[in-house]
Structures are given as C-alpha cells and as structure tokens.
Amino acid sequence: MLLAIDVGNTNVVCGLYDGKELLQFWRMETSQRKSADEYGIALKQMFEADGYSFAVVDAIIIATVVPSLTFTLQHFCEKYFNKQPIVVGPGVKTGLVVKYDNPKLLGSDRIVNSVAAYENYQAPLIVIDFGTATTICAVSDKAEYLGGVIAPGIKISSEALFEKTAKLPRIELDMPRHIICRNTAECMQSGVLFGHVGMVEYMVSHMKEEIAKECGFEPGSKKITVVATGGLSSMIADSTDVIDVVDKRLTLTGLELIYEKNK
C-alpha cells in the first residue's frame, strides 16, 4: 500500500492507498519542533485506531511546503517503515510542463493539485487551494502549468485583524447573513469571507481571459473548469457560482498519481 503525506503550513495529512482507492486518511498539526519519533508515534496510534499496521505500507510519497521538515520526515520514513520516500520536487515526473520562471521555487502542493485536477477534470483549468495561503493556479489543455496567484489565506486575514488592531476580537469563520452587518464580529466576517469571495471572482474572471489568450482561443469559446480544494473550499463555493467542483482530497489524489508516474 502507498502512504501519501501532504505537509502544509498548518496540517500534515496522511492518506493510505490500496491501488487507486483511498482507504483512510489522518490529519495532525504541522510542527517544526516535532522529532521524527513524535511524528512516528502519533501516526502509529492513528493507524492502529483504525485497524491498520505500519507493515502494510510498501511505498511512501511526500509533498511539503515546509522545507525544514523534509529531513525529519525522511528520517521518520526510514526508521518506522524502512522506506526511502519519493519527495515531490525537481526531477520528479509529474506529467506537466512547468512554465515558471524558476520551477525550483514553485510549491509542491501547487503542482500536486494541478496534476490531480488535470487528470480528473476537463482542462484548461483553474485550481484554487484555500489553505494557509490561498493559491490559484492555471493549467492549459496541453498539460502546461502556466503560473498563478498567491494571496493571504482566510485564516491569516482573520488573525491579522485580531493581532494588529487594539479592539477587534478573534472571530469564528462563519458566513454572515448579510454583507452590511450591524455588529463588529459579523462586520469582520463579512470583510474576511465575502472579501475573499470577491477576490476569487475577480481573479477567476481575469485568469480565464489570460488562459484563453495563452492557449489560443477566444475568451468564452471554451469551458475553463474551476476546481477548489482546502478546508474552507465548500464555504466559499457556496457563496459564488465561479467554482465548478469542490474536491477536498485533491492533493492526496495528486500524490497517488505522481507516485504512479515515478515508481
């Protein structure tokens, strides 16, 4: 079986695959202070709680946006699984042509998401990941990664308001009933959440025009599929009609696909 590990800035998500089937996944907090042993013990407990053993794992693939954890997780894989993991990065086959000024600086999560979207949905594509940062990526119908956008994520924006102002409170990330609100918490929710919806709608609209130009067709003459992933993707998708598909497992799917290309 394949263990796919997605290391984000906030969470580490581990998925166990039997072929193409995702059997189970687990989530734990990302911490640069944790040792390989701490990650190993935490994951072992989660495996066993769901009736699995580390012995079933015969291959591992990792994508991380936290470079300082790469060595820790490689050591964890070697010690607890006796496996050398595939780490997504330069030199790993993805099936995409990367049109980025310096591909080494492109976050592996953006590539992994784009691979999964290209393989599973109609291209050309816009792929949005509502994570710690919100990333928006463009993929052509010729399997070209064209580039994209990085913006502050919803939680970052909310925390910045709380931390950088004297009187504004920490808020729950719930959609308010109206854009014009009559109390401070809902005013903040409106600004953070509806503001993010507005940003997404603007970016998608203009990115569709640029993708059409890049791919050589008239804007509006060909469907450009918009795929969203990440913890808050459903909340945003419910408030706009520019998102076609919500796929919360997009990154794990991409890791399984990239493993198949490199095993």
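Because the model is predicted, local features need pLDDT of at least 70 and side-chain atom pairs count only at pLDDT 80 or more, whereas totals for chains, interfaces and linings use all residues. Residues are numbered from 1 along each chain as its sequence is written, and side-chain values use heavy atoms, with hydrogens and water left out.

Ala 4 has Ile 61 of S4 as its bridge partner, and Leu 3 stands opposite Ile 60 in S4. S1 and S2, by contrast, pair in the antiparallel sense over six bridges, with Leu 2 opposite Tyr 17 in S2, and the two strands form a hairpin with three residues between them. Six of the six residues of S1 are buried, so the strand is largely enclosed by the rest of the structure; buried means under 20% relative accessible area, exposed over 50%, and partly exposed in between, with a 1.4 Å probe and protein chains only. Leu 2, Ala 4 and Asp 6 point one way from S1, while Leu 3, Ile 5 and Val 7 point the other way.

A further open sheet, also of mixed pairing, contains six strands in the order S6-S9-S8-S7-S10-S11. Strand S6 (97-98) and strand S11 (245-246) stand at its edges with a single partner strand each, so one side of each is left without a neighbour in the sheet. Strand S7 (residues 125-130) and strand S8 (residues 133-139) pair in the antiparallel sense over six bridges, and Val 127 stands opposite Cys 137 in S8.

Helix H4 (residues 154-163) and helix H5 (residues 184-215) have axes that come within 10 Å and cross at roughly 150 degrees. The two helices are therefore roughly antiparallel to each other, a description that applies to angles over 145 degrees, with those under 35 counted as roughly parallel, 65 to 115 as roughly perpendicular and the rest as oblique. Ile 154, Ser 157, Ser 158 and Leu 161 of H4 make the contact with Met 188, Val 192, Leu 193 and His 196 of H5.

Met 188, which lies in H5, is buried, with a relative accessible area of 5%. Not counting residues up to four places away in sequence, Met 188 touches Leu 161, Leu 168, Pro 169 and Ile 171. Phe 162 has its place in H4 and counts as partly exposed at 28% relative accessibility. With the same exclusion of residues up to four places away in sequence, Phe 162 touches Leu 168, Pro 169 and Arg 170. Phe 162 and Met 188 are 26 residues apart in sequence and 9.7 Å apart in space, C-alpha to C-alpha.

Some details of the backbone may also be noted. Most residues other than glycine have a negative phi, and most peptide bonds are trans. The peptide bond from Ala 123 to Pro 124 is cis, with omega near 0 degrees, and Pro 124 lies in the loop between helix H3 (108-120) and S7. Asn 82, in the loop between helix H2 (70-81) and S5, has a positive phi near 55 degrees and is exposed, with a relative accessible area of 67%. Ala 143, in the loop between S8 and strand S9 (144-152), has a positive phi near 60 degrees but counts as buried at 9% relative accessibility.

Technical notes:
Pairing = 2+ DSSP bridges. Helix = DSSP H or I, 4+ residues; strand = E, 2+ residues; numbered from the N terminus. Axes fitted to C-alpha atoms, helices over the stretch in contact; angles between N-to-C directions. Contact = heavy atoms within 4.5 Å.
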